[in-house]
Amino acid sequence: MPERARPVPFRGGGFAPVAKRGTGIAVFALLLALIEWGTRAGWISNLTLPVPSDVAATLAGMARSGALWTHLAPSLVRLAVGSLIGVSAGIAVGVMIGLFSYVRAGLVPLVAAIFPIPKIALLPLFVIWFGIDEASKYALIALGTFTPTVVATYGAVDNVDRSLVRMGQSFGLKWSSIVRKIVLPGALPGILSGLRVSLAIGIILLVAAEMLGAEHGIGAYILQAGSLYDLERLFAGVVILSVLGVLTSWVIGRAERRLLRWRG
Amino acid sequence: MDLTLQRIGHRYGGMPVLQDISLRIPAGEILCVIGPSGCGKSTLLRLIGGLERPDEGEVLQLGDAPEGCLNPLTYVFQDFALLPWRTVEGNISLVLEDHGIRGKAARAVIADVLARTKLSDFRAALPRQLSGGMKQRVAIARALAVNPAVMLLDEPLSALDAQTRELLMEDLVALWERQRFTGVYVTHNLTEAVRLGHRIAVLSRRPGRLREVIAVNRPIADRRAGDSDLDALQARLWDLMKQEALAADQELLDA
């Protein structure tokens with residue numbers, strides 16, 4: 001008995017994110033255009049949000065007068081030095097936790113205890129310990145980036161395929177060779193994705209540190225603008241921070257693509 | 001170099017997995033170890049190569065490894081265990097670097113083993129670019145590079161499809177013909193056992209004991225798929241194992 005032929009309905013598809021170029025920028029532009037329109041037309045009051053084009057003008061003015069650089073340069077140095085210390089110590093401790101049972105048993109609870117402390121709350125203490133100068137700012141950023149890096153690193157070391165380690169042992173590789181050639185490269189993907197989180201935390205703490213006893217720096221600039229209720233300048237500072245965040249994330253993305261080419 | 005197992009016993013968390021296994025593995029011969037799943041065949045292989053310590057008994061090595069042997073007891077793993085971030089060449093040089101073989105000497109060894117495993121065109125490929133069969137060839141090439149006295153093969157063909165398995169079996173036979181290595185070949189595949197084993201050790205279900213050791217007299221180079229005496233042997237092995245396999249299948253894993 002012939003029956004009506006019809007195509008089998010398609011039920012697959014989806015659940016596989018693909019890169020859509022330009023979507024992010026379009027959303028951004030749309031949002032800015034909306035705010036620009038709202039602030040100009042008046043249905044967003046100028047106490048709520050500044051006019052985006054005014055913020056852009058403020059930024060351009062800063063760049064022209066050189067103020068942008070006087071604030072950005074010390075901030076970048078603080079972020080770089082602080083997170084370099086925090087991240088490298090974090091990776092070292094994380095690898096040790098991953099490799100040695102005693103270090104794990106001793107330090108994991110300690111790290112768990114330090115992790116949830118809002119580092120900003122410790123700032124006055126840091127000023128007493130390290131002085132009001134740069135050292136306390138480095139220390140704050142270093143401590144803030146240290147804990148998430150430790151957690152990401154030892155997680156990554158734990159996730160290294162044990163069969164590869166077993167293989168290394170079965171070929172009589174030296175302990176140091178196994179760590180250098182099998183464990184560390186195997187943990188690299190996890191360490192790099194932990195770095196994204198750590199550096200974002202670093203930027204947050206940078207601003208916090210600069211709100212206390214800093215003459216120059218993005219954080220100081222924002223604090224100043226805030227206390228004068230100068231929304232254009234405040235948002236100009238926020239934009240700089242966002243750009244900084246996007247930039248670090250982009251740099252890590254590049255590093256991932258270069259170092260993890262083997263993942264395809 | 002011969003290996004002797006003396007009354008090996010092993011347990012995991014109080015549960016015996018191997019009991020009273022005594023075996024002799026003479027040089028130049030391939031011993032296949034078969035048994036139902038969970039009978040401890042892979043554990044036995046890890047004990048033989050020193051990756052685990054037996055709870056009872058010992059594994060003895062008689063005589064010295066031949067000259068030029070870098071790693072006497074060398075494994076080939078079921079999951080290949082290749083470093084995904086190293087090329088084919090890099091994966092082989094990994095096991096040479098610690099022996100101080102670098103540069104020109106390493107390149108010579110690598111070229112030789114890649115030629116023997118028909119991989120010369122793939123020296124710069126990454127593991128993810130290779131098929132399963134090719135990956136296992138790389139692992140075999142890596143094992144050959146250290147000039148092993150004994151090759152310990154842990155279900156080396158189990159992750160491959162039937163056709164690739166047939167091809168690789170032929171390759172293994174050719175490699176053995178060329179250089180008569182000693183082998184311990186753990187498998188659950190009876191066809192592989194009757195094709196590659198000079199002797200076949202049959203283990204019972206858990207706790208694994210030695211049920212029988214069967215010698216296969218036909219030279220391995222002359223064995224083909226569908227040989228009637230091999231088929232008969234395979235049927236006999238299956239008879240030996242069938243009840244055990246059935247019972248093993250119905251056991252709870254951690255009862």
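In chain B, helix 1 (residues 41-48) lies across strand 1, strand 2 and strand 4, and runs at about 125° to strand 1 of chain B. Helices (H or I, at least four residues) and strands (E, at least two) are DSSP runs numbered from the N terminus; axes are lines fitted to C-alpha atoms, for helices over the stretch in contact, with angles from 0 to 180 degrees between N-to-C directions, and contact means heavy atoms within 4.5 Å. This is a predicted model, in which local features need pLDDT of at least 70 and side-chain atom pairs count only at pLDDT 80 or more, while totals for chains, interfaces and linings use all residues. Residues are numbered from 1 along each chain as its sequence is written, chains are lettered from A and ligands numbered from 1 in the order in which they are written, and side-chain values use heavy atoms, with hydrogens and water left out.

The three strands form an open, antiparallel sheet of chain B in the order 2-1-4, where two strands pair if DSSP finds at least two bridges between them. Strand 2 (15-25) and strand 4 (56-62) of chain B each have a single partner strand, so one side of each is left without a neighbour in the sheet. Strand 1 (residues 2-12) and strand 4 of chain B pair in the antiparallel sense over six bridges, and Gln6(B) has Glu58(B) of strand 4 as its bridge partner.

## The six-stranded sheet of chain B

A mixed, open sheet of six strands in chain B has the order 5-6-7-3-8-9. Its edges are strand 5 (73-76) and strand 9 (210-215) of chain B, each with a single partner strand. Neighbouring strands of this sheet are turned by 20° against each other on average, direction ignored. Helix 7 (residues 228-249) of chain B packs on the sheet, touching strand 3 (30-34), strand 8 and strand 9 of chain B, and its direction makes about 175° with that of strand 9 of chain B.

Phe171(A), Lys181(A) and Trp262(A) supply 41% of the area that chain A buries against chain B, more than any other three residues.

Two salt bridges are counted between chain A and chain B, each a side-chain nitrogen of Lys or Arg within 4 Å of a carboxyl oxygen of Asp or Glu. Lys181(A) meets Glu97(B) in a salt bridge between their side chains (2.7 Å, N to O).

Conventions:
Buried area is the accessible area (1.4 Å probe) that two parts lose on being put together, summed over both.
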